[in-house]
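Please open the model in a viewer and keep the sequence panel at hand.

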Amino acid sequence: MHKIILQAVYLTENSDFCDKLILIMYYKKIIYLLPLLPLLIACSVEKNMTTVDNYQVKLDTLTLFDQSRGRKIPIAIYKPQAKPKIPNQQVIIFNHGYGFNKGGDYFVYSYLTNKLASKGFYTVSIQHELATDMPLPTEGNLQLVRRPFWQSGSDTILFVLNELKKTQPDLDYKHLTIIGHSNGGDMTALFAHQHPHLVYKIITMDNRRMLLPRTSIPKIYSLRSNDYPADEGVLPNEEEQRKYKITIQPTSINHGHMDNKGSEEEKKTLNDFVLKYLKES
């Protein structure tokens, strides 16, 4: 009896404790192992929680083509690997900040897109800028001169969404969340203005130019940096926030640290806020 219990205690200090404990119970008389049953029950609960809360993630990439605009649209799809398939799996579309048309920007928020997929969300990150695109204007009335770029982004989000509905019809599009950082946040805000019936929540990460909708549908969240202020009127005032239940969350994170350049602590802060917003009803 003592020998068996000591063996089990030793196994707790090594990997695969749960599986080994089950093997012991299989080969030994179970009556002698009754003191170990609480360990086995706790082990089972822990394994189930790990399976549900942290899926393995598979990354797929492909390039869509919007014939109406003659435009290539590279996307990265972060898929949670779940068996059986996740019922009513929600969709998130992510939109990167301005990357000076160098490409590859749809990968540089992988700390967040991977985390979202690991929690069961079907997560799609769009490459908005192409090498052949005009550079984003930096002079003049930026809310005016950048509007065509945001419109292109909004149109691209809509195109990707419609393609997903064709190829992945079983996903839950009634609870679509769109997330965007900086210039991608401005695209996200414009999409919410133009297609409020298609999106359940938007989360902007320090968008600075495009006014956030003043509405309770879709639900509006915005994470703010500590270094770049938004243009006047972009963010709702306190009365509007209360009226429409809009969340404006200040952070101690620099604008440029909201992608993979951020520290582990900064990434965790942003991940935690986003996951909190996704859980809210």
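Begin at Pro84, which is found in the loop between strand 2 (71–81) and strand 3; helices (H or I, at least four residues) and strands (E, at least two) are DSSP runs, numbered from the N terminus. The model is predicted, so local features need pLDDT of at least 70 and side-chain atom pairs count only at pLDDT 80 or more, while totals for chains, interfaces and linings use all residues. Residues are numbered from 1 along each chain as its sequence is written, and side-chain values use heavy atoms, with hydrogens and water left out.

Select Lys83 together with Pro84: the peptide bond joining them is cis, with omega about 0°. Next, move to Pro218, in the loop between strand 6 and strand 7. Most residues other than glycine have a negative phi, and most peptide bonds are trans.

**Two residues with positive phi**

Select Phe100 in the loop between strand 3 and helix 4. Phe100 is not a glycine, yet its phi is positive, near 60°. Is Phe100 buried or exposed? Its relative accessibility is 64%, so Phe100 counts as exposed; buried means under 20% relative accessible area, exposed over 50%, and partly exposed in between (1.4 Å probe, protein chains only).

Now go to Ser182, in the loop between strand 5 and helix 7. Ser182 is another residue other than glycine with a positive phi, here about 55°. Ser182 has a relative accessible area of 16% and is therefore buried.

**Helix 7**

Continue to helix 7, residues 183–194. Helix 7 has 12 residues, and its first and last C-alpha atoms are 17 Å apart, close to the 16 Å expected at 1.5 Å a residue; the expected span of a helix is 1.5 Å times one less than its number of residues. How many residues of helix 7 are buried? The number is 10 of 12, and helix 7 is mostly covered. Among the buried residues are Gly184, Gly185, Met187, Leu190 and Phe191. The buried residues of helix 7 pack against strand 3, helix 6 (147–167), strand 5 and strand 6.

Select helix 6, which has 21 residues and reaches 30 Å from first C-alpha to last, close to the 30 Å expected at 1.5 Å a residue. Its buried residues include Trp150, Gly153, Thr156, Ile157 and Leu161.

Center on Thr156, which is in helix 6. At 3% relative accessibility, Thr156 counts as buried. Apart from neighbours within four places in sequence, Thr156 is in contact (heavy atoms within 4.5 Å) with Arg69, Arg71, Ile73, Ile126 and His128.

Now display helix 6 and helix 7 together. Two packed helices are described by the angle between their axes and the distance between the axes. The axes of helix 6 and helix 7 come within 8 Å and cross at roughly 70°; axes are lines fitted to C-alpha atoms, for helices over the stretch in contact, and angles run from 0 to 180 degrees between N-to-C directions. Helix 6 is therefore roughly perpendicular to helix 7, where angles under 35 degrees count as roughly parallel, over 145 as roughly antiparallel, 65 to 115 as roughly perpendicular and the rest as oblique. Residues making the contact include Trp150, Ile157 and Leu161 of helix 6, and Met187, Leu190 and Phe191 of helix 7.

**Helix 9**

Finally, select helix 9, residues 264–279. Buried in helix 9 are Glu266, Lys267, Leu270, Asn271, Val274, Leu275, Tyr277 and Leu278. Viewed down the axis of helix 9, these buried residues fall within an arc of 160°, so they line one face; the arc is that of the directions from the helix axis to the C-beta atoms. Glu265, Lys268 and Lys279, on the other side of helix 9, are exposed. The elements covering the buried residues of helix 9 include strand 3 (90–95), helix 4 (110–118) and strand 5 (172–181).

Tyr111, Leu112, Lys115 and Leu116 of helix 4 make the contact with helix 9, where the partners include Leu270, Val274 and Leu278.
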